[in-house]
Amino acid sequence: MTEHEFRIKTWVLGMVSTNCYLVYNDKTRKGVIIDPADNGEYLIRKLEELGIAPEAVLLTHGHFDHILAVKELQAQYNCPVYAGKEEDALLQDASLNLSGTMGTDHLSVSADELVRDGQTLELAGFTWKVLETPGHTRGSVCYYIPGEDVLVSGDTLFAESLGRTDLPTGSMREIISSITGKLLVLPEDTMVYPGHGDPTTIGHEKQYNPVAVYRGRR
């Protein structure tokens, strides 16, 4: 895959400013939506403006602010939804995915395919590797595109920070293990696109993320 064919766009949506990503192939106009956070009508309009046909929806985890537009995209495009194999219960349970809070409706979402650690997906002409990264939620996953040096990290790894672990199925021990064992071992020039906030790189996080600093002091 040549560099000019890979594109990634970010839309910040919803009441907690969640990053929704569109990864697409500029040659084939095929794409993948990651974490459709809100406002399905807006996303559909943007896809039409770009002339992109989404092949799939990928979910990094099941919290309400990452899934609010899933059903609208499913209805419009009939594209499969992928999520981590341990996230199915949270996606379907409004009390666990926290929908119904902050003025949103109670929401239950079902994934068409539950993915596992190390699984590879061929979508939009790119090879994606699934990394199971429990901690923010039990079924959190990240999506790594090695051919493009890109990691979509959801709410596991942020720029100089990490996801909270005080919500249902969260674990501080597990998120630290996920970040150190699965993410900070990736090539340092890997671009990281998190669920909230600005992009970063693995190299930067190895120097400045509190998890890496903590590990270095142990």
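Q: Why is Asp166 called exposed?
A: Asp166 has a relative accessible area of 55%. Exposed means over 50%, buried means under 20%, and partly exposed is in between (1.4 Å probe, protein chains only). The 55% of Asp166 is over 50%, so the word is exposed.

Q: What kind of model do these values come from?
A: This is a predicted model, in which local features need pLDDT of at least 70 and side-chain atom pairs count only at pLDDT 80 or more, while totals for chains, interfaces and linings use all residues. Residues are numbered from 1 along each chain as its sequence is written, and side-chain values use heavy atoms, with hydrogens and water left out.

Q: How many salt bridges does the structure hold, and what makes Asp26 and Arg7 one of them?
A: There are nine salt bridges in the structure. For Asp26 and Arg7 the closest N and O atoms are 3.4 Å apart, so this pair also falls within 4 Å. It links distant parts of the chain: Arg7 is in strand E1 (residues 6-13), and Asp26 is in the loop between strand E2 (18-25) and strand E3 (30-34), 19 residues apart.

Q: Why are Asp26 and Arg7 neither buried nor exposed?
A: Asp26 has a relative accessible area of 30%, and the value for Arg7 is also 30%. Each value lies between the two cut-offs, so both residues are partly exposed.

Q: How do you know that Lys182 and Asp117 form a salt bridge?
A: Their side chains meet at 3.2 Å, N to O, so the pair is within 4 Å. The link again spans distant parts of the chain, with Lys182 in helix H5 (residues 172-183) and Asp117 in the loop between E6 and E7, 65 residues apart. Lys182 is partly exposed at 26% relative accessible area, and Asp117 is partly exposed at 36%.

Q: Why is Ser153 called buried?
A: Ser153 has 0% relative accessibility, which is under 20%, so it counts as buried. Ser153 lies in strand E10 (residues 150-154), where strands (E, at least two residues) and helices (H or I, at least four) are DSSP runs numbered from the N terminus.

Q: Which residues does Ser153 touch?
A: Leaving out residues up to four places away in sequence, Ser153 touches Cys142, Val192, Tyr193 and Pro194. Touching means heavy atoms within 4.5 Å.

Q: What is the order of the strands in the open sheet of six strands?
A: The order is E7-E8-E9-E10-E13-E14, with mixed pairing. Strand E7 (120-123) and strand E14 (200-201) are edge strands because each has a single partner strand, so one side of each is left without a neighbour in the sheet.

Q: How do you know that strand E13 pairs with E14?
A: Two strands pair if DSSP finds at least two bridges between them. Strand E13 (residues 191-194) and E14 have two bridges, in the antiparallel sense, so they pair. In E14, Thr200 is the bridge partner of Val192.

Q: What makes strand E5 a partner of both E4 and E6?
A: Strand E4 (residues 53-58) is joined to strand E5 (residues 81-84) by two bridges, and these strands run parallel. Strand E5 is joined to strand E6 (residues 113-115) by three bridges, also parallel. Val57 has Val81 as its bridge partner in E5, and Gly84 has Val115 as its partner in E6.

Q: What makes a space a pocket, and what volume has the largest pocket?
A: A pocket is an open set of points on a 1 Å grid over the protein atoms alone where a 1.4 Å probe fits, with protein on both sides within 12 Å along at least five of seven lines; lining residues have an atom within 4 Å of a point. The largest pocket has a volume of about 230 Å³, the space filled by probe spheres set on the points, which are joined across faces, edges and corners. Of its 13 lining residues, His63, Asp65, Asp155, Arg164 and Leu167 are the closest to its centre.
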